[in-house]
Structures are given as C-alpha cells and as structure tokens.
Amino acid sequence: MGTLKLLQGNEACAEGALYAGCTFFAGYPITPSTEVAEYLARRLPLIGGVILQMEDEIASVGAIIGASLAGKKAMTATSGPGFSLKQENIGFGMICEVPIVVIDVMRGGPSTGVPTGPSQSDIMQCKWGTHGDHPVICLTPAYVQEIFSETVRAFNLAERYRTPVFVAYDEIVGHMRERIEIPDKGVLPVENRRRPTCSPSEYMPFDDTQGDVPPIADFFSGYRQHITGLNHAADGFPVNASPRIHTDELRLLRKVEGNRKDIIRYETVMLEDAEIVVFGYGVSGRSGKSAVELARAEGIKAGLFRPLTIWPFPAEEVAELASRVKAIIVPELSLGQIVLEVERCAKGRCEVEGIFRVDGDPITPDQILEKIKEVG
Amino acid sequence: MGDRYEIRFSGSGGQGLILAGVIFAEAATIYDEINAVQSQSYGPEARGGASKSEVILSENVIDFPKAQGIDLQLSLTQESCTKYYKDIKPGGILLVDEDFVRDIPEGDFKVIKLPIIRTASERIGKAFVANIVATGAITAITGKVRIESVEKAVLSRVPKGTEEMNKKALMAGYNMAKTKTAA
Amino acid sequence: MAFNYDPYIRSGKLPHIWCPGCTFGIVFKSLLRAVDSMQIPKDDIALVSGIGCASRLPGYVDWNTLHTAHGRAIPFATGLKMARPDKKVLVVSGDGDATAIGGNHFIHACRRNIDITVIVLNNFIYGMTGGQHSPTTPVGHMATTMPFGNVDPTFNIPALAKGAGATWVGRGTAYHVPALDKLIVGAVEHKGLSVLEIINGCPTTHGRRNKFRTPTDMLLWMKETALPVSAFEKFPAEKTVGKFPIGVLYKGEAKEYSETYFAMVEHLQKKQEGRGD
C-alpha cells in the first residue's frame with residue numbers, strides 16, 4: 001500500500017517526477033502550471049536536487065537539456081504562451097535526442113488568452129510546434145492519479161527513446177484535487193537511459209549501428225563528445241547536404257512511430273457493441289465517460305475511446321473503430337484540432353462530429369449526450 | 001452519477017474558503033474513503049471579490065469534475081450569495097451568514113441562517129476561523145462526512161499552534177448547526 | 001619549445017570554417033594554451049556555444065562540447081554547471097549571440113554570479129549571416145542592414161557585465177596575444193561569473209566595408225587603439241578619446257551561485273537528518 005494524499009493535478013505531476021527520479025527542474029512562473037515548480041521547490045533541495053527559476057521559458061529548456069546531457073533526469077513545466085517560447089530549444093532536444101520531460105498545462109489562447117481557464121488548444125502545437133520534422137510523444141492524462149502515473153511514464157519513455165516527451169493536460173485537471181495513491185518505490189517501473197558500453201575512443205553519440213536509439217554518454221564521464229543542433233553524422237559533427245540527414249531524420253521518426261504499440265495507451269468503455277463512440281482526452285474524456293453512462297442508461301449504444309497517448313496518434317485504433325461504428329464524436333476545448341486527426345484516420349468510413357468550446361468552461365456530459373442523440 | 005453531492009463554499013477572497021473546501025474533500029476522500037473532487041476559482045477572482053471552492057462527493061468514480069447542480073451553497077458575503085445562488089438545484093440548501101447576507105434570494109431551496117462570523121470572532125476570538133466554523137456547520141447539515149474525519153483533516157491542514165482554536169471552531173459550527181436544524 | 005596543440009584539437013574536423021584573415025584562430029590557440037597551463041583534464045571541462053562564427057569554435061576542441069541554439073549557450077551551460085558543479089564550464093559567444101538574442105541570459109548569468117566563464121568574441125558584426133549590424137557595431141559603420149551607416153547605439157560589453165553583477169570582467173584583443181593568454185587564465189580561474197570580451201576583426205563582412213583595407217589593418221587598429229587599463233585610467237580624458245582599455249577591468253566579490261545553492265541543500269539535508277525523518 002502506498003501513500004494516500006489529496007493532491008492537485010499539478011502536485012501529482014511533481015510527485016510523479018520525483019518518483020521517476022527527476023533531480024533537476026528549471027522553469028518560469030506561469031499560470032496554470034506554477035504549482036508544479038512550487039511543489040518541486042519544496043522537495044528537490046531536500047533530496048540534493050536542483051530547482052532553478054530561470055530568466056525566461058527559453059532558458060529553462062536550455063538548462064534542463066544541459067542537465068540531462070550531464071546525466072540528470074530533468075523536467076520543465078509551462079502553459080500556452082510559455083510552451084510557445086520553449087519550442088526553439090525543444091527542437092534542439094529533438095534533433096540532439098536529449099531525454100527531457102516538458103509539462104504543458106493548457107490554458108486558453110492565442111496569446112495571453114484566458115490564463116486561468118482550461119483549454120486543449122495546444123495539442124497541435126505539441127505535434128508541430130517546432131520547425132522541422134521530428135516525431136512527438138505526448139501523453140494526455142485526465143485524472144489526478146493519472147497525471148502522477150503518466151508523468152512517471154513520460155520519464156520512462158524519454159529515457160527509453162532518448163527524446164523530449166510532453167505531458168499535456170488542461171487547467172481543470174491541473175488545478176483540481178483528487179485522492180491519489182503514491183505507490184511505494186519499486187511498484188511502478190522506473191527506467192534509465194542506455195549508456196555506452198564501448199570505450200570512449202569508440203563512442204559515437206548518434207551511432208545508428210547501435211539501433212534506432214543509440215546509447216547516450218554523460219558529459220564529464222570520460223566520453224568526450226560534440227553535440228550540435230545542426231544536422232549531424234554518427235560522430236555528432238555537422239553534416240551538410242548529405243543523404244545522412246535524410247536517413248537520420250527517418251531514424252528519429254522510426255524510433256517513435258515504429259514503437260507505437262509500446263507508446264500508445266488508452267482507456268475504452270463499452271466499445272464492443274458501440275454504435276456511437278466518444279473520442280475524448282483530458283477533461284473532455286471525463287465528460288465523455290459520463291455522457292456514455294447517461295446514453296447507455298437511455299439504451300443508446302455509446303462507447304468511449306480515451307487516449308492517454310495523443311502523439312503518436314492512435315491511428316490504427318481509430319481506423320478500426322471507424323470501420324464498424326456509425327459516428328465518432330470528438331469533444332475538445334478548442335475550435336477543432338484533434339478532430340482533424342480523427343477525420344484523417346476515419347477516412348470517411350463513419351461520421352465524425354466535433355463539439356468545440358473555448359469559453360473557459362468544460363464540455364458537459366449533457367452537451368455530449370445531446371450530440372450522441374443527434375447523430376444516433 | 002446518481003449519488004453526486006455538490007457543495008460550494010463561497011465568500012470573499014481571503015476568508016479561507018478554498019482551505020475549507022480542501023479540508024472537507026480531504027476528510028471525505030482520505031479519512032472516509034468517499035470519492036471527492038475539489039476545485040476553486042483562480043486568478044484575480046480569488047483575491048477579493050466573490051470567491052468559491054467546490055467539493056463534489058460520490059460513492060462512485062467522479063468523471064465530470066465540475067459542479068452542475070449545487071446541493072449546498074455556503075455564502076459568507078452578500079456578493080457571493082447574489083452571484084452564485086442560481087446554481088443551487090431545486091430542493092437544495094443555501095447556508096448563509098446571518099449578519100453579512102441580509103438580502104436572501106428567492107428560489108426553490110431551503111435557507112439556513114447562522115451567525116458564522118460572529119461565532120468565530122466572539123466565541124473563538126478570531127474572525128479568520130469563520131471558514132472552520134462553517135465547515136463544522138456543513139458537516140452537521142450534510143451528514144455526508146464524519147465529524148471525526150473532518151477534525152483529522154483540519155488538524156493536518158491548519159498552521160502549527162492553531163490546532164486547539166480550530167478544533168473549537170469546528171465543533172462550535174457543528175453544534176450550532178445541529179441545534180438549529182433540530183429546532 | 002613550440003606549444004603542441006595536437007592533444008586538444010579534433011584534427012579530423014579541420015579545416016575550420018573561418019574566413020582567411022579572421023582573427024578567431026588566434027583566440028582559439030590562445031584558449032588552448034591558457035587552459036593547458038592550468039592543467040585542467042579534458043574530461044573535466046565543457047565548452048558551450050550558441051550560433052554564429054564564434055560558436056563553431058567548440059567543434060574543434062577535444063573537450064565536452066555543446067553547440068546550442070542562437071543566444072542560448074548560457075542557459076545550457078547553467079544546466080551543465082548546476083548538474084556538475086565540480087566541473088569547469090566555459091561559454092564562447094559572439095557580440096550578437098551574447099548581447100542581442102542572448103542578452104537576457106547574459107545579464108541574468110551575471111546577476112547569479114554562477115561559476116561560468118563567458119568569452120565574447122566581439123567582431124562588431126553578424127558575420128555568419130553576411131554583415132548585419134550588431135549591438136556593438138560602431139555608430140556610422142556600414143552594415144548590410146545599415147547601408148547608410150549605423151544609427152543604432154552600442155553596448156559596452158564590460159560595462160554591461162559589471163552592471164549586471166559579473167564579478168570578473170576583462171577585455172583583450174586578438175592582437176595582444178601574450179596578454180590574452182593571461183586574461184583567459186584569469187577569467188577561467190575566477191570563481192564566479194567571468195566575462196572576457198575579446199576584440200576581433202571580421203575582414204569579410206565588416207572590415208572591407210569600413211575602411212580596413214586588409215585584415216592586417218584591423219589588427220593594427222587594435223594595436224593603436226587599445227590601451228592597458230592602468231594607462232587608460234591614468235591618462236587625462238582627452239588623451240583616451242577613441243581608445244579602449246584592455247586588461248582586467250573589474251573584480252568584485254559576491255557569493256557564487258552553485259556554491260550557495262548546494263550549501264542550502266546541505267543545510268536542509270542536515271536539518272532533516274536532525275529531525276530523524
């Protein structure tokens with residue numbers, strides 16, 4: 001039995017980071033994510049860890065990448081406008097394959113928008129926020145307990161696939177309090193990055209003969225290396241106009257897309273005989289679950305697909321559903337983002353209907369129920 | 001969803017209503033093992049003006065996390081009462097501070113008036129424990145959570161050195177509401 | 001005996017990208033001599049850079065090297081230093097990288113007085129992108145984005161560093177090489193944030209558009225214009241017009257950031273042990 005606590009989503013995120021072995025946090029204050037930093041500020045120094053409030057959002061990603069390259073498990077947390085600022089260095093983390101975790105507690109936008117209101121409108125920014133091509137892993141917990149466990153999983157995926165991993169949740173689940181059980185040490189798996197076993201003179205930081213996820217050496221460990229944000233060869237040094245760039249970018253894509261089964265997680269409710277499926281994540285997934293219960297009580301064959309991994313997108317699962325259901329309803333706190341991805345995967349085989357809301361309130365179960373009846 | 005019970009603690013920013021909501025939720029979910037979700041108003045709203053904190057209780061898993069029909073609303077100020085009472089569901093309860101909420105709105109709900117702030121300042125000697133007096137009263141009125149559990153939650157959340165005073169405040173509110181509702 | 005650079009150079013990565021006549025090669029060799037004289041093991045030092053011509057320097061040095069995004073070297077270096085406070089962390093930057101796009105990081109690193117050495121290779125221009133004016137391009141100078149002469153006022157990098165809280169501030173030039181070796185040693189040895197501005201010449205994108213007909217003209221300009229700080233301070237004001245001081249310009253006392261942070265950690269951990277939980 002672990003420890004029971006009443007925690008905010010943001011606090012559970014911080015607990016998840018600590019459980020996963022995070023010893024380095026750098027951030028910048030921004031609503032509604034600040035509690036993550038505040039919680040870690042009280043805890044990290046006690047375990048010898050580092051908490052840095054940097055001069056801006058850009059610097060905070062730079063600092064955690066530096067720390068990760070020195071071997072630490074490192075994280076930052078932010079919201080909307082701050083997430084936009086972080087994109088530059090996140091891109092660096094992507095091309096240099098640095099394990100870091102970035103928390104985005106989504107609020108309304110664009111720009112300052114609604115700092116204290118919930119939103120799910122950063123979900124495409126998670127996928128396409130930086131310039132260039134690269135794969136993305138983004139987890140979307142909906143319950144306080146899940147924020148804890150998905151933060152642990154985010155660290156594990158970052159270490160396993162040597163890449164930045166996002167955890168994106170809305171202000172509502174970030175700020176609400178629920179009971180969570182923090183498991184004892186050892187109950188949830190905690191992974192560490194693969195480090196080189198070869199001699200320093202043989203080591204190459206991007207040696208693709210070692211597999212799609214090459215081992216990563218810590219700075220100052222004797223494995224002197226060069227890391228650059230330029231496209232680089234296996235030895236880490238820049239290359240220009242080379243077929244290597246193409247093959248290396250494909251490798252980056254493959255290491256995530258090729259491991260979809262390992263990365264993609266979701267919850268389903270009564271999908272077996274469902275004719276109408278609600279596809280919702282975060283707080284909209286919670287509303288979806290209530291709506292499905294209401295619909296079933298009225299004899300409507302409704303079901304729920306609630307992704308815990310939004311990127312890579314559960315494309316095969318959605319395609320399979322589309323081939324056998326009448327309609328997929330996508331509630332989201334935006335003017336229609338993830339609905340496009342559902343449409344793409346459904347390929348016209350079923351109706352896809354969005355419910356969009358950006359007024360600072362969540363989509364209610366009744367709103368979804370109404371739509372279920374409308375398409376039913 | 002059937003057994004959902006929704007409580008709203010409202011007043012002005014600085015009256016400790018968020019803490020009251022947290023204490024009540026903690027009592028329910030940690031000590032009584034009822035499911036609970038607590039949420040609150042944020043930002044400028046939370047600093048002065050009308051402020052609120054909500055707790056949803058249920059024997060079942062709580063999916064939709066926002067209040068939809070308030071079973072009991074506490075209002076310690078006129079402004080918060082006027083601003084929020086419309087969410088009280090038919091047959092619900094409006095619990096007000098009888099000195100500070102004079103203009104009682106009309107509606108399909110039961111009104112309970114208690115001298116919450118006066119009790120805190122005169123009987124306990126500190127107006128700022130009004131939130132704990134109110135929590136005691138709500139415990140008695142709702143009967144959803146054991147008073148022993150609420151007491152444990154109070155003691156785990158209040159500053160060191162104020163335990164006795166807060167315990168007294170809790171019981172003052174609890175007993176006051178018991179007497180009032182029995183009458 | 002001539003200094004042997006080989007142990008420090010990633011020879012396979014040469015030739016370097018700098019233009020003929022660029023003075024960065026002089027600084028590069030000075031840096032290697034200086035660090036060699038301090039006997040810092042190669043595994044125990046990191047060199048971090050941002051973007052620009054100066055930022056390519058780390059690629060040629062066989063240390064732990066990190067070539068980051070434009071202006072961002074200092075935050076990455078801060079992460080490295082706070083993760084491994086026992087190691088030496090150096091940043092090499094340019095005038096645009098350090099004081100324009102990276103200006104915020106620069107002043108805040110100075111404020112924290114974290115034990116990082118920031119070496120700014122000031123060549124008064126954005127060289128890599130082809131000669132746009134930077135925060136140090138002299139007023140009146142030609143730049144591709146100031147084709148009628150620069151009207152943008154300039155930063156004085158040492159003054160900026162001092163004002164922001166750096167505890168060691170110096171300036172050298174690519175001409176005064178023996179003095180430069182010593183300045184680099186002083187900057188790296190200093191515990192706290194040290195800023196060393198090194199005056200450089202970019203003949204390709206700055207010099208030839210601004211009446212420096214040859215790369216040598218730029219070096220001669222440094223020779224004639226730089227005054228040792230001791231002389232600069234003694235001379236009457238009218239004699240220092242158009243001149244600039246070189247040497248150690250400022251040394252201050254302040255707590256070093258990583259030491260202060262980890263002292264707090266140690267204190268908290270002891271307190272916790274004392275409580276027995």
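Two residues are in contact if their C-beta atoms, placed from the backbone, lie within 7 Å. This is a predicted model, in which local features need pLDDT of at least 70, side-chain atom pairs count only at pLDDT 80 or more, and totals for chains, interfaces and linings use all residues. Residues are numbered from 1 along each chain as its sequence is written, while chains are lettered from A and ligands numbered from 1 in the order in which they are written.

Reader: How many residues does the contact take from chain A and from chain C?
Author: Both chains contribute to this contact. The count is 34 residues from chain C and 35 residues from chain A.

Reader: Which helix of chain A supplies the largest share of the side that touches chain C?
Author: Helices (H or I, at least four residues) and strands (E, at least two) are DSSP runs, numbered from the N terminus. Elements that each supply at least two residues of this side include helix 4 (80-95) and helix 3 (57-69) of chain A. The largest share, nine residues, comes from helix 3 of chain A.

Reader: What is the bridge partner of C:Trp168 in strand 10 of chain C?
Author: Strand 7 (residues 168-173) and strand 10 (residues 244-251) of chain C run antiparallel, with four bridges. For C:Trp168, the partner in strand 10 of chain C is C:Lys251.

Technical notes: Pairing = 2+ DSSP bridges.
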